[in-house]
Amino acid sequence: EELYDGNMELKEIQTLAGHSDRVWSLAWNPATGTSNNPPVLASCSGDKTVRIWEQTPSNRLWHCKAVLEETHTRTVRSCAWSPCGKLLATASFDATTAIWENIGGDFECVSTLEGHENEVKCVSWNASGSLLATCSRDKTVWIWEVMPGNEFECVSVLQGHTQDVKMVKWHPTMDVLFSCSYDNTVKVWAEDGTGDWHCVQSLGESNKYYLSLLSGHSSTVWALAFNAEGNRMVTCSDDLTLKIWETDVGGMQSGNDLVSWNHLCTLSGYHDRTIFSVHWSSFYTSSHLNREGIIASGAADDALRFFVESKDELVDGPSYKLLLKREKAHEMDINSVQWGPGVRFV
Amino acid sequence: MVSGLINANPVIYEKKERRVRSAPSVGDDEHAVEPIDQLELEARFVRVFIFLTFLNHIRDIKDPEHPYSLEELKVITEDAIEVDDNHSYVRVTFTPTVEHCSMATVIGLCLRVKLMRSLPQRYKVDIRVAPGTHATESAVNKQLNDKERVAAALENPNLVDMVDECLAPSYA
């Protein structure tokens with residue numbers, strides 16, 4: 001748990017201990033963190049549980065508010081809050097996704113989504129909270145529609161990845177879905193207007209006729225994140241690079257699904273081991289240097305790094321530079337970095 | 001294991017002498033050296049000790065198919081293990097008995113589990129097959145070093161039983 005104080009310094013404010021095994025992922029509740037609503041986050045672990053953490057307003061210390069257990073029978077790999085903050089979805093190696101509802105401060109499992117053949121790796125809500133996506137080692141991505149009464153109906157099973165799908169993420173404003181995989185690619189999925197979902201672009205596919213071959217990742221793509229505007233995306237990989245991609249968001253809004261994402265630049269030479277997580281802050285600081293927000297990466301070399309767009313080299317097009325590196329941010333691999341809704345992150 | 005062994009007639013090599021005792025000899029003539037050299041010798045002693053400890057952690061792992069250790073099948077040798085204790089890093093390079101060996105990932109998994117259980121958690125471990133010794137070398141390496149897939153594999157009871165059986169002699 002660390003605090004970004006605006007002067008390019010990092011302060012560790014608290015370590016949250018409680019899980020008895022590796023913590024795989026965490027998620028900030030987007031509906032919390034306001035003046036009279038203390039920030040809440042969820043963490044999930046190899047110990048098969050999810051913990052809900054809340055900050056005590058008086059002393060600003062975090063405490064574990066609830067432990068969600070005895071539902072998943074294997075590792076809980078990923079968790080995600082619905083946009084309204086009422087529901088928490090958790091994806092597990094037990095091949096199921098559970099939906100939890102906060103009922104009067106207690107979390108109850110109100111639905112279990114089954115269908116994947118094996119480990120579910122990630123879960124993501126779209127911006128409006130009407131759709132949920134899950135992905136699995138079975139190489140598929142499933143889209144679920146949220147129905148009244150905590151019912152979830154599978155509306156599409158997306159096939160296209162040739163390997164284990166590591167992460168799914170909805171675009172921050174549009175119903176366009178992104179997935180990244182052990183097959184080294186990132187795929188973009190969109191609905192065609194008749195309810196059918198298709199892969200509209202594959203970034204980094206080994207096809208010699210596409211330029212993306214030159215710019216795509218050469219090993220597992222572990223995660224991706226968007227900037228606040230939604231016109232840029234960052235991806236991180238086992239190939240030790242971060243890649244920035246760009247699109248014409250105006251074209252996306254006008255309903256043109258075929259608006260493509262283009263490789264903007266690659267950040268290589270900064271990481272020594274696999275980069276597991278990347279997240280783009282949505283807040284701006286007064287400094288002109290980081291009006292695009294700050295990209296945080298967490299890697300298997302235990303270090304935490306921040307990158308910002310560099311305005312110094314406009315001649316060669318946009319580029320990003322290392323802002324800060326914190327060695328030994330953790331004793332072991334960093335599995336997840338997430339900026340908080342305000343200025344905090346873990 | 002009842003039918004269709006991957007490698008029905010493996011070559012068996014003799015077990016090497018345990019060399020744990022050779023390490024202290026490094027410091028035998030400590031009286032003859034300058035203090036600075038002695039520091040170097042001590043550092044070397046530590047490295048040799050760590051190296052042999054690592055080797056003894058994994059040399060007795062049993063092959064998944066045969067009643068022989070990985071050392072006897074020359075799947076691992078002393079050269080297989082590189083240790084950088086300063087950076088808490090270990091790399092193990094193993095040589096499958098045949099280049100289409102479908103047991104390669106199981107053997108690699110055994111090596112990883114053994115080191116996970118033996119070493120302090122701060123260690124980073126890379127496991128790989130020796131370059132040019134396996135038909136699907138890069139696929140095997142990628143799988144063995146994907147910690148998420150390793151974690152999922154280790155939640156599979158059948159696989160864990162298999163790994164535990166292979167590791168049992170190494171705890172003797």
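Begin by selecting the interface, where 24 residues of chain A are in contact with 15 residues of chain B, contact meaning heavy atoms within 4.5 Å. This is a predicted model, in which local features need pLDDT of at least 70 and side-chain atom pairs count only at pLDDT 80 or more, whereas totals for chains, interfaces and linings use all residues. Residues are numbered from 1 along each chain as its sequence is written, chains are lettered from A and ligands numbered from 1 in the order in which they are written, and side-chain values use heavy atoms, with hydrogens and water left out.

Keep both chains displayed: together they bury about 1,700 Å², 43% of it on carbon and sulfur atoms, buried area being the accessible area (1.4 Å probe) that two parts lose on being put together, summed over both.

Next, select A:Asp333 and B:Lys124, which form a salt bridge with their closest N and O atoms 2.5 Å apart; the term requires a side-chain nitrogen of Lys or Arg within 4 Å of a carboxyl oxygen of Asp or Glu. Between chain A and chain B the count is 10 salt bridges. On the side of chain A that touches chain B there are seven nonpolar, six polar and 11 charged residues, the charged class being Asp, Glu, Lys and Arg, the nonpolar class Ala, Val, Leu, Ile, Met, Phe, Trp, Tyr, Cys and Pro, and the polar class the others, Gly among them.

Finally, colour chain A by pLDDT, the predictor's confidence in each residue from 0 to 100: the mean for chain A is 87, and 86% of its residues reach 70 or more. Residues 1–7 of chain A, however, have pLDDT below 50, and this stretch has 32 contacts in the model beyond near neighbours in sequence.
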